[in-house]
Amino acid sequence: MTKAPPTSEPLKNSAIAQVGLLLGLAILLVIPLLAGGHDYVLQVFTHGLLLATLALAWNILAISGSISLGHAAFFGVGAYTSGLLSLELGVSSWATIPTAGLAAMAVAVLVWLFCHRLRGAYFALATLAFVEIPRVLTDNWDGLTRGSLGLVGLPGLPALRLGSHHFDISASSIGSYYFVLVYGLLLLAVVTFIFRSNLGLALQAIREEETAAESLGIQVQRYRLLALLLSALFSGITGACYAHLIRYIEPGMVYGLHFSAIPVIFAICGGRFTIIGPALAALVLYPMDQFLLHPLLPAGHEFLYGAVIILAILFLPSGFWGQLWKGQRVSIKTGSIE
Amino acid sequence: MSLLRLEALSKRFGEHWALKGIDFSLEEGEIVGLVGPNGAGKTTLFNLITGRHKPSSGRVWFESKDITFCRPHEIQRFGVSRTFQSSRPFAKMSVLENVVVGRIFRGELHLFPRPTDINTARQLLELVGLAPKGDTIAGELTLSERRRLDLARALATEPRLLLLDEVVAGFSPLAVKQAAELVQRVRERGVTLFIVDHFMSLSLRVSDRLLALDHGKKIAEGKPQEVMRNREVIRAYLGMRRDEEAHSANQAGS
């Protein structure tokens, strides 16, 4: 007699989830068609995708248990690095965007120097305070950064040449949309790889029980640093994309609380112990905020984020995507001994 | 050569000596029980051996290596693993993943867990009787299951010396008996065991020798029955008899 699989409920969930994900991806691919000529609709989804990449990047660090409230530092430094390089030196954004990621990693090394002994709430508060350093520097170092005037007239996203074809991504909203979508899917692949690899197992083990992780031979500090560097790299790249997408940045904007808080909100609502939850939350909540609440409450539309975070903490502590997967792990399955 | 040798090992926290001048050796293949009342320094001793704390003075030798000031992950790689007094599973990971983590950070690093790592992890779950729970989230296990998971995870590192900290605390007599059988099976795999056991319920069943501590000092070592009859040990656990008390008070007064 064969026993019924004990995990039938989560298995059903996983089938629903997979269908849902494919459907979601299909929708993302055809949104430019659905949006028709409405540039605004497309811009909202482009921005939502960009915030999704920030949430994904933030979550790389959160897998290791370190909650950062200061990712605007990496985002802002990335935006300014790419913006200044392209404005002052006229470098192609193909080169400035990756450089922005490296600059954000350099900032991460500084964060590490000051914060590597801190854990939990102390680490979070230290990162919250740390954002002020690049913000004040950018704001006041007029000679280098043009100070509080910000950077105006930034070049758009890079153009793409395929043989004789030439796609100017920034010329149309559709081009920008697909550029960010491709970046988002690549980052999703990277995060999936990290989650499922031995690195991901190490980071999760450190998050759950650092002492036990260490006793199993995991070099805790080395892996925590690696997670911070990877997270900063992609946050910086996202910041650079933002700069070229909006084409105007200023210190208060890119170093603002908004970009520190929003990945935390999306990760907690979507499920920070999941791979895709944070990105899904961004793609659902941001358009909801912009299309539904912004017209109704132009001044207070962001209350949505406050409300959903309270609801999530009270009723779905592992996030809505995390809740769907509750009791089921995807990375390693048991089975008979081979 | 002894597998583990402690040489005049001492640890001071502020003004308080948690351990003072402990000399002791463990031979390969032995099961040694570490007993003593609360606050005797048993867990501190484990923390010194595994590198979690650094001793104030003295040395720890593992075979011919001086591991006194090595870091925990280095000591683990030499072949020393431990479980914790309060079981510490990776609560949000599956039971199987918990054990796999024990496999994959020894020596050569790989990108993904290899099939052999996963297979060995499954076999270890069979050994400790958790095979049907492989996909369960570790945080949902019962106390006894958690302790067995701790054991499987520590065994996954293929230790030569395994330190078990209070693995049977709070267990029923039947569960203690099963744990004793499990410990014997672990020994048969060629693992030397050092077992902290406040109530001696496990160590009396399985130990070849006992080491008794009280207030950070070694008060007895030897065959379990001898240590059990040792006057100092009885005193440490049960306090002094009236006549002894009066006698020592007289001595202190004179």
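The model is predicted.

Start with chain A. Its secondary structure comprises 16 helices and four strands. How does its radius of gyration fit a compact globule? A compact globule of 338 residues would have a radius of gyration near 20 Å. Chain A has 21 Å, which agrees. Along the principal axes, the C-alpha atoms of chain A fill a box of roughly 75 × 50 × 50 Å. Burial comes next. In chain A, 46% of the 338 residues count as buried. That label requires 20 or more other C-beta atoms within 10 Å of the residue's own. Now take the contacts in chain A between residues at least 6 apart in sequence. Of these, 76% join residues at least 24 apart.

Turn to the interface. On the chain B side, 36 residues are in contact with 27 residues of chain A. Which elements of chain B each supply at least two residues to this side? They are α2 (72-78), β6 (80-82), α3 (95-104) and α4 (115-127) of chain B. The largest share, six residues, comes from α3(B). By class, the side of chain B that touches chain A has 16 nonpolar residues, 11 polar residues and nine charged residues.

Strand β6 of chain B leads on to the sheet. Chain B has an open sheet of six strands, in the order β6-β7-β8-β3-β9-β10. The pairing is mixed. Which strands form the edges? In chain B, β6 and β10 (217-222) do, and each pairs on one side only. From one strand to the next, the twist averages 20°.

Look at one pair within this sheet. Strand β3 (residues 31-35) of chain B runs parallel to strand β9 (residues 209-214) of chain B. Four bridges join β3 and β9 of chain B. For a landmark, find B:Gly33, which stands opposite B:Leu210 in β9(B).

Helices pack on the sheet too. Helix α1 (residues 42-49) of chain B touches β3, β6, β7 (161-165), β8 (192-196) and β9 of chain B. The direction of α1(B) makes about 150° with that of β7(B). Helix α6 (residues 173-188) of chain B lies across β3, β7 and β8 of chain B. How is α6(B) angled to β8(B)? Helix α6(B) runs at about 150° to β8(B).

Key:
Residues numbered from 1 in each chain as written. Chains lettered and ligands numbered in written order. Predicted model: local features only at pLDDT ≥ 70, side-chain atom pairs only at ≥ 80, totals over all residues. Rg over C-alpha atoms; globule rule 2.2 N^0.38 Å. Buried ≥ 20, exposed ≤ 12 C-beta atoms within 10 Å, placed from the backbone. Contact = placed C-beta atoms within 7 Å. Nonpolar A, V, L, I, M, F, W, Y, C, P; charged D, E, K, R; others polar. Pairing = 2+ DSSP bridges. Axes fitted to C-alpha atoms, helices over the stretch in contact; angles between N-to-C directions.
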